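Here is a briefing on one protein model.

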Amino acid sequence: MTAFARRLFMALLGASCAISVPGPTVHADEGWLITSFNSDITVATDSTITVKEDIRVDFGSLQKHGIFRTIPLRYRYDDTNDRYYLLEVKSVTDGSKGLPYSESIDHDNDVIKIGDPGRLVSGANRYVITYTVRGALNSFADNDELFWNVDGALWPVAKRSVTATVNLPERAFQKAACYQGPTRSREGCTFASSGQAVTFTSTRQLGSGEQMSIVTALNQGVVDVPPPLLEARDRQFPQDAFDITPLAVALSLLIAIGGIGLVVRNWWIHGRDRAYLTQYYLTNDPRERTDPLFHHDPLVVEFGSPQNMRPAELGLILDESADTKDVTATIVDLAVRGYMTITEVPRQKDWTFTWKEGGEAAALLPYEKTLLDGIFAGGQQVKLSTLKGTFASTLRKAQGQIYTDAVSRKLFTTRPDTARVTWGCLGVGLVMAGIAATVLLGLKFGWGLIGVAILLAGIVLSISVPFMPQRTASGRELLQRTLGFRLYMTTAEKYRQQFAEKAQIFTQLLPYAIVFGCVTQWAKAFEGIDTSATNNWYAGNAPFQAALLANSLQSMNNSISSAITYTPPSSGSSSGFGGGGSSGGGGGGGGGGSW
């Protein structure tokens with residue numbers, strides 16, 4: 001391969017990159033035709049070129065104002081620089097008289113909009129555009145060169161013929177080449193030299209998206225070719241945002257390791273449970289420390305609720321969340337304690353709650369009172385199904401009071417929901433900061449890896465959010481005893497002989513079985529044991545039996561969860577049916593057209 005051929009190949013590769021610079025979108029064929037595209041190019045000795053484009057079009061019966069001519073001004077030169085041309089429009093005519101036009105810059109393209117906004121034309125029309133370009137010539141070791149894309153690939157219609165004539169100073173011409181077709185095509189077109197003029201001609205009609213590029217080599221010294229006009233290249237995201245340099249990699253690793261280390265330290269201090277330094281109940285020593293990482297105390301079976309805690313309180317100490325399961329257990333607990341009765345509605349998968357007079361209001365905790373007031377706000381007898389859509393606010397208030405109750409008892413250092421929200425917001429904020437830093441640092445310095453390191457730390461912090469609520473030493477002690485109580489209820493079949501003598505504990509501890517998720521196991525432990533005498537709060541469709549009640553309560557739990565968390569949809573958006581619907585309505589849309 002000769003030196004000229006090698007340079008020509010590199011020039012073609014560079015031109016293909018230049019052509020890919022963003023510009024106006026090429027649309028489908030618009031139904032008109034460029035009958036001829038002729039470019040007359042004159043090279044001056046100071047390397048300025050004067051281009052005169054004679055573009056003849058046939059709009060047929062279409063009504064148009066005119067045409068656009070889009071000419072790229074900036075090309076990718078290397079990893080850090082763009083090359084730019086200085087273009088100046090001299091005139092726009094129809095070959096004899098001037099035509100109205102406007103000029104604008106769009107995505108580093110000079111866009112010449114030709115035509116009268118108040119006048120439509122059709123059929124054959126001619127547009128002659130004359131402009132000068134500085135900075136277009138290249139200089140190599142053994143020759144200078146003009147490499148020029150004559151017509152461009154952004155036309156939305158076919159060009160029947162494309163021709164170009166390059167006029168050179170005396171004794172300047174050395175050799176030439178011509179290429180046609182889509183971007184990166186090596187298909188040849190014809191050229192011929194005569195004196196100081198070189199003529200290039202396409203060999204076929206060029207379709208939409210095709211173009212003709214010409215190369216003319218000049219003898220050195222005839223034309224004064226200055227260095228290319230370069231400007232620091234604007235980085236593009238993401239391809240230019242991640243420079244792999246020792247400094248960028250070192251900083252990003254340092255930030256990632258440091259950020260993740262801070263998250264781990266944050267969990268170590270604020271997320272791990274506290275523990276007493278000694279056995280508190282034996283020594284009354286209130287000193288605390290963080291719970292050792294791999295320390296596990298042996299479970300001791302508890303045969304009743306630790307510290308006479310309510311089901312919702314134990315549910316919270318177990319999973320650090322006041323959820324609908326805890327609310328269901330509280331409702332059943334209130335019924336067992338005599339504040340209401342629950343009646344299964346035949347064949348409807350519904351239940352009726354009935355208020356019972358005589359319950360001791362002073363014994364109610366704040367969240368229990370809130371639930372009772374919310375359930376019976378509509379009367380002393382309420383169907384579960386009627387709570388749907390009206391109970392969500394009561395649920396949120398009761399959940400908040402469950403959290404407040406736990407903090408007031410010093411079971412948690414802060415409210416678990418507040419801890420999750422606080423650290424969650426910090427995690428999301430750090431993720432957003434990481435995304436912003438990735439884009440901004442990447443576009444400015446190529447240091448997108450640093451932003452990725454921040455983003456990674458934010459993701460790790462967000463993942464750690466569920467582990468951030470911290471139990472106090474007292475709360476941890478309660479957790480251990482609660483786990484012992486749960487062990488008793490999940491292995492209750494071991495104690496069947498005792499249950500035969502005190503069947504009343506079936507209903508007394510049933511709310512705790514709901515919290516622990518072991519209602520079926522708890523009921524199975526009472527198979528064959530008559531528990532009906534202990535029931536004065538539930539009426540079903542069949543005789544009171546532990547197994548049947550367990551199935552019914554499971555179904556009721558699902559219905560309660562659905563009913564009390566349901567929120568009616570907003571009416572802020574209009575429907576697409578009836579009077580609200582029309583063409584162009586709803587989201588999305590947009591459109592476009594031609595000049």
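The protein chain has a mean pLDDT of 83, and 86% of its residues reach 70 or more; pLDDT is the predictor's confidence in each residue, from 0 to 100. The pLDDT falls below 50 over residues 1-27, a stretch with 43 contacts beyond near neighbours in sequence (contact: heavy atoms within 4.5 Å). Residues 571-594 are also below 50, with 6 such contacts.

This is a predicted model: local features need pLDDT of at least 70, side-chain atom pairs count only at pLDDT 80 or more, and totals for chains, interfaces and linings use all residues. Residues are numbered from 1 along each chain as its sequence is written, and side-chain values use heavy atoms, without hydrogens or water.

**Nonpolar cores**
- A nonpolar core is a set of buried Ala, Val, Leu, Ile, Met, Phe, Trp, Tyr and Cys residues joined through side-chain atoms within 4.5 Å. Buried means under 20% relative accessible area (1.4 Å probe, protein chains only).
- The largest core has 70 residues; among those touching the most other members are Met340, Phe353 and Trp522.
- Helix H12 (residues 505-516) gives this core its largest share, 9 residues. Helices are DSSP runs of H or I, at least four residues, and strands of E, at least two, numbered from the N terminus.
- Another core, of 48 residues, lies apart and includes Trp32 and Leu146.

**Helix H2**
- H2 (residues 246-270) has buried residues including Ala248, Ser252 and Ala256.
- The buried residues of H2 pack against helices H8 (416-445) and H9 (448-464).

**Serine 39**
- Serine 39 sits in strand S1 (residues 33-43).
- Serine 39 counts as buried because its relative accessibility is 0%.
- Leaving out residues up to four places away in sequence, serine 39 touches residues including Val51, Glu53 and Thr163.

Definitions and conventions
Buried means under 20% relative accessible area, exposed over 50%, partly exposed in between (1.4 Å probe, protein chains only).
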